[in-house]
Amino acid sequence: MEGGERITIERITNPGDPRIDQIQALLAAEFKEAEVDPPKVMRAAIQGKDNVTGSEVPTYIVIAVQNENDKVVGAACGAVLEKKNEDYNPIGNEAVILGAYITMEDEYRRLGAGTLAFNLRMAEAQAEAARKGLKPVAYIAEVVDNSEAFINSQGGFRLYSKENDGNYKEVPYLQPPLEYDKNTGRPTARAGTVPEHLMVKMFDGSTTIKGETLLEMVRAMFDYNNYREEGYFNNKRAFNQHSRIISNIEEELTEAVSGKTLHMISRADRENLASQGITFADHTTNS
Ligand SMILES: CC(C)(COP(=O)(O)OP(=O)(O)OC[C@H]1O[C@@H](n2cnc3c(N)ncnc32)[C@H](O)[C@@H]1OP(=O)(O)O)[C@@H](O)C(=O)NCCC(=O)NCCS
């Protein structure tokens with residue numbers, strides 16, 4: 001690292017690893033509380049288990065970045081998810097690599113460690129996919145406003161449809177609530193629907209993606225991040241309510257992207273095109 005400090009970057013696979021608590025604290029400091037799972041959920045997830053029901057889920061990949069004193073100063077998390085069709089059934093062996101979180105402590109930013117953590121997460125995800133006989137076709141992440149430049153540097157881009165007037169409109173992505181009341185099936189007070197930027201990198205080098213393909217990838221995320229099993233709720237009505245919230249969001253996204261070709265455009269390319277008079281309607285987020 002710059003300044004000569006030795007940094008280590010490594011995947012955590014042992015559920016008893018004490019670094020999990022440090023990672024959870026780091027994520028909780030950077031992201032909204034309702035977005036960050038407590039350590040016991042992460043401990044189950046890195047073994048491929050759901051903390052509440054014990055059922056099998058995609059293995060959570062957790063990367064720790066440590067400084068010379070072994071303090072955790074950065075983390076990246078993700079998973080390999082099977083793409084899902086409209087009925088939420090897998091599509092052949094096609095998968096998508098989810099970038100769930102990545103963060104570095106302030107004083108360790110812009111030193112290249114984020115890139116190293118991103119790369120190790122990707123390599124571990126590819127190895128995980130190979131073990132499961134899955135073929136990852138893309139990387140996908142829900143991204144806040146000010147992380148676009150970093151994700152661009154890793155080959156991931158925001159998605160835009162070209163409108164009839166030649167101008168571009170970003171995919172209006174809404175992240176469904178991540179936490180639900182077990183009795184009502186409604187989002188808990190600290191959780192809710194959050195507008196975010198979807199960012200994608202296609203592994204075949206494509207710079208466009210069909211709306212339908214994007215939906216297959218988004219369903220994989222919803223299935224993993226947002227849908228809870230019936231056993232999570234105290235009654236069936238609550239389970240149905242939470243399902244309705246997510247399927248309504250999916251329907252809105254389907255209307256926005258079906259039949260469209262989506263263009264992956266970096267911030268630099270947008271600025272270039274804007275200087276030629278082309279306009280971009282960026283999706284508004286709270287971040
Ligand atoms: C995103 C984050 C993890 C990047 O980590 P990092 O260690 O600073 O990243 P790197 O040093 O490897 O940066 C790689 C490249 O990304 C781009 N980049 C990263 N941060 C940037 C910034 N703030 N502004 C502009 N470009 C940036 C640059 O091109 C950089 O290369 P350069 O330094 O040679 O110019 C870190 O900024 C962070 O923790 N942000 C807050 C949390 C967050 O928003 N996470 C992403 C949620 S999806």
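The structure is a predicted model, in which local features need pLDDT of at least 70 and side-chain atom pairs count only at pLDDT 80 or more, while totals for chains, interfaces and linings use all residues. Residues are numbered from 1 along each chain as its sequence is written. The protein has 7 helices and 13 strands, where helices (H or I, at least four residues) and strands (E, at least two) are DSSP runs numbered from the N terminus.

**Overall build**

- The radius of gyration of the protein is 19 Å, which agrees with the value near 19 Å for a compact globule of 287 residues; this radius is taken over C-alpha atoms, and the globule rule is 2.2 Å times the number of residues to the power 0.38.
- Taken along the principal axes, the box filled by the C-alpha atoms is roughly 55 × 55 × 40 Å.
- Of the 287 residues, 36% count as buried, a term that asks for 20 or more other C-beta atoms within 10 Å of the residue's own, whereas 12 or fewer make a residue exposed and anything in between makes it partly exposed, with C-beta atoms placed from the backbone.
- Among contacts between residues at least 6 apart in sequence, 68% join residues at least 24 apart, a contact being two residues whose C-beta atoms, placed from the backbone, lie within 7 Å.

**Strand pairing around S6 and S10**

- Strand S6 (residues 157–162) runs antiparallel to strand S10 (residues 197–202), and 2 bridges join them; two strands pair if DSSP finds at least two bridges between them.
- Strand S6 also pairs in the antiparallel sense with strand S12 (residues 261–265) over 4 bridges, and here Arg158 stands opposite Ile265.
- A further 3 bridges join S6 to strand S7 (residues 168–170), again antiparallel, with Lys162 and Tyr168 as bridge partners.
- The hairpin of S6 and S7 has 5 residues between the strands, and in this hairpin Gly166 takes a positive phi near 90°.
- Strand S10 pairs with S5 in the antiparallel sense over 6 bridges, and Ala138 stands opposite Met202 of S10.

**The core and Val200**

- The largest nonpolar core holds 66 residues, of which Val62, Ala75, Val96, Ile140 and Val200 touch the most other members; such a core is a set of buried Ala, Val, Leu, Ile, Met, Phe, Trp, Tyr and Cys residues joined through C-beta atoms within 7 Å.
- Val200 is the bridge partner of Phe157, and the strand S10 is mostly covered, with 5 of its 6 residues buried.
- Leaving aside residues up to four places away in sequence, Val200 touches several residues, including Ala138, Ile140, Leu159 and Met264.

**The ligand shell**

- The ligand is surrounded by 18 residues, the closest being Arg109, Gly114, Thr115, Ala149 and Ser153; a residue is near a molecule if its C-beta atom, placed from the backbone, lies within 6 Å of it.
- Strand S4 (90–104), helix H3 (113–131), strand S5 (135–143) and helix H4 (148–153) each give two or more residues to this shell.

**Two loop residues with positive phi**

- Most residues other than glycine have a negative phi.
- Tyr88, in the loop between strand S3 (72–84) and S4, has a positive phi near 60° and counts as exposed because it has 12 C-beta neighbours inside 10 Å.
- Arg110, in the loop between S4 and H3, also has a positive phi near 60°, and its 11 C-beta neighbours inside 10 Å are why it counts as exposed.
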